[in-house]
Amino acid sequence: MARTLRFDIFRYNPQDAGSVPHMQRFNLDENPNMTLFIALNRLREEQDPGLKFDFCCRAGICGACAIVINGRPGLACQTKTKDLPDDITLMPLPVFKMLGDLTVDTGVWFREMYQKTESWVHTKKVFDPNAEEERMDNAVAEQIYELERCIECGCCVAACGTARLRSDFMGAAALNRIARFVVDPRDQRSDKEYFDVIGNDYGIFGCMGLLACEDVCPKGLPLQNQLGFLRRKMGITALKQIFKRG
Amino acid sequence: MQIFYSDLLVVGAGLSGERIAVESADAGFDVIVLSIVPARRSHSSAAQGGMQAALGNCAMGKGDSVDVHFADTVKGSDWGCDQEVARLFADAAPIEMRRLAHWGVPWNRVVPGKSFYFKGGEKFEKYEEPDKEGLITARSFGGTAKWRTCYTSDGTGHAVMCTMDNRCAQLGIDVRDRKEAIALIHDGENCCGAVVRCLRTGELEAYLSRATAICTGGFGRIYKATTNAVICDGGGHILAMDTGVVPVGNPEAIQFHPTGIVPTDILVTEGCRGDGGTLLDVNEERFMQIYEPEKAELASRDVVSRRMTEHMRAGKGVKSPYGEHLWLDIRHLGDKHISTKLREVDEICHHFLGVDPRTQLIPVRPTQHYTMAGIRTNKDGAAYGLTGLFSAGEAACWDMHGFNRLGGNSLAETVVAGGIIGRKIAEFLQGHDVKIDSRLAREAVLAQKDRIAALIERRNGRENVYEVRNAMQEALMDGCFVFRNGKDLEKCVETLKEVYERAGKVGLRSDGKGANYEVSSALKIKGQVKLALCIATAALARTESRGSHTREDYPERNDREWLTRTLAYWPEGADMPDLKYEDASPVFELPPGERGYGGGKIITADAAFIEERTIKR
């Protein structure tokens, strides 16, 4: 027997002076193999053409559709309704700027993060189009890719106790980004230079260790390990600096 | 009205757009890049398998060269491509892969020694040379003579996109997301920017520039069943076509990928078959080797999609509530391979099918995947018809793919073409001035404001945009899919004409306030139906079968009459496209011949015509 799902969805249009934030109830009959991508599009096409939400690849690859689903951040496209109860509450991600209904501004947040972490390979080498590529061990390439798999959906930031309390905390995505360059032999930044970026309360020492970031990461990134890795590495750098000063 | 000025305006922040931006910024020009979504969510990031480039580092790529890559590309295109462009591409691809490595892409590398690989379900051994250790390696893809596809696991597009966007951040390039271009600003001869709708506020803005590049990807979303992201909706093509003077090249050339999953149409990479995966039928038996003894599962995509459809028509499909399908089998590749080289595939199977590909089969069938069709440009990436307008990547018909593109050639094209065309744009900017006419900009913005007001006030009618869109998508599925014929195409054209009329009568049901999605959809529905009509009329006119364009009533490839490229114009006020033609290639380095797979008869071209244009390199 097909279920009727009851959706409670956060509504607010900041571009409409008359709009007040509220929850709106929708009913929808469930189809086989239904995901929240299918459900939300049906709601928009059949019931409320003004409903705002974001999807892009709808295959769990691009990170556009993160929302809070019954209290937990996740990708809407790969959430199957059969795994949810009859009552489904959908909210926009916290921390990020709200743009309307379920949409938030992850784009600006992450572009700022690239600048804070200087998210690029720092090298003095100049590309020579006539030369063979610099060699790399395949295991190292795989290790870099493992951390490069972040899709910037924002789930880890939305689930982060520290980020909710303090807007200046960089969040797991940024720390993971730094770790990605630390393991990359092409990046010539020293430990000291990395330490200057993350060796503080905005970075590795701000984390309260609640570790929800890894629990909610839809790509299963090893965010706890990366934090541990950076803390150990940066701890040693900090000690060295204290020692030098002494 | 806000006006933003730059030397170059790039519409679309996927790989080709950002690659162009990087090249122009490096040359000292001021660039603004606009994107509907944050750059890294662009559809480039969904490309899984890899990029073709003849580096020849791995054992199975030994003896590869840019000449072999060129020949594979021309054969893949079924001689529909521009051979000058295919040559430019093949020659530049290896250098571009190395450049990407320098910028930070974690390409998989050669691991020396003995290892195993699978082909047609059987296990073989290969030996990687110790002196190649650590160089960029490659995997096998369809329609290629060598293993040539450079990759990062099965997240190549994602990894390269991250690196390219990092490069933009490093250079301080102004990349703005949630900005959608809805019309070009032009005077019929020069393009000088675009009217842009902000998807945060719904406000219209004018961007004025000396050069404009459209890099908005393909338009698969005008089909019902497509692997494409929801943003691949033809927005960029509509900008160009709405000028009335810029043509779409080869609109009938649409690729159907053999392995979209059932249901949901999400892609699983050709790398599955490249790495040794097989296709099975309802009896769980292989069948591709019956039709294609030489290439089997690794014939080109047009051929595999046709053979799969034929096999299903012969009653060998698997019946399901979502229609018939076949199976993709990668079980024999084993846990380690799937967990490291096919991770995205593993996740997609888990999340969207509830299938473990180590032990279970994956339901697949041909699904719309790629548009070889696109904004027609010359080999410098300059669009026909308007000075100062450029295009690159899937949005463009540059045209290295002709009537069928090879797997791994489109992702490579984004960055290779982006580099080449980026340099050409920089050259253009050195010597090109436009009169920036603020009146032109103001009028263009006012015209768009009025369009939006008309939709909100339902001045043209009350048609529901989603229902119109659905009717268009269904019509294309019925008439312009893997197999086509005159009768169904005629019906398709008639249906689409009616849909076009309805598209002109769309009115909103919502209030249209702010960054309203119904407004976005309604603004482009007419343009989408125009694109659909271009596909259908061009497919009806082309009375031959070439690459992905297969006419059941004209099964021969007819080089005598159809060694041509369609140019579909939509003049202002017209209700049907105007089809013109040009020669497929100005020169032949590889004269038309057999592809070596796919079968089919060829009606040969006039020998003197071919000889006259054949060049030696």
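I started with the interface: chain B and chain A bury about 5900 Å² between them, and carbon and sulfur atoms give 49% of that. Buried area here is the accessible area (1.4 Å probe) that two parts lose on being put together, summed over both.

Housekeeping next. This is a predicted model, where local features need pLDDT of at least 70 and side-chain atom pairs count only at pLDDT 80 or more, while totals for chains, interfaces and linings use all residues. Residues are numbered from 1 along each chain as its sequence is written, chains are lettered from A and ligands numbered from 1 in the order written, and side-chain values use heavy atoms, leaving out hydrogens and water.

Back to the interface. I found 78 residues of chain B and 69 residues of chain A in the contact (heavy atoms within 4.5 Å). I noted 12 salt bridges between the two chains, each a side-chain nitrogen of Lys or Arg within 4 Å of a carboxyl oxygen of Asp or Glu. I looked at Arg40(B) with Glu152(A), a salt bridge at 3.4 Å, N to O.

Then a hairpin in chain B. Strands β4 (residues 113–119) and β5 (residues 122–128) pair in the antiparallel sense over 7 bridges; strands are DSSP runs of E, at least two residues, numbered from the N terminus, and pairing needs at least two DSSP bridges. I saw Lys114(B) opposite Tyr127(B) in β5(B). There are 2 residues between the strands, and Gly120(B) takes a positive phi near 55°.

Methods
Helices (H or I, at least four residues) and strands (E, at least two) are DSSP runs, numbered from the N terminus.
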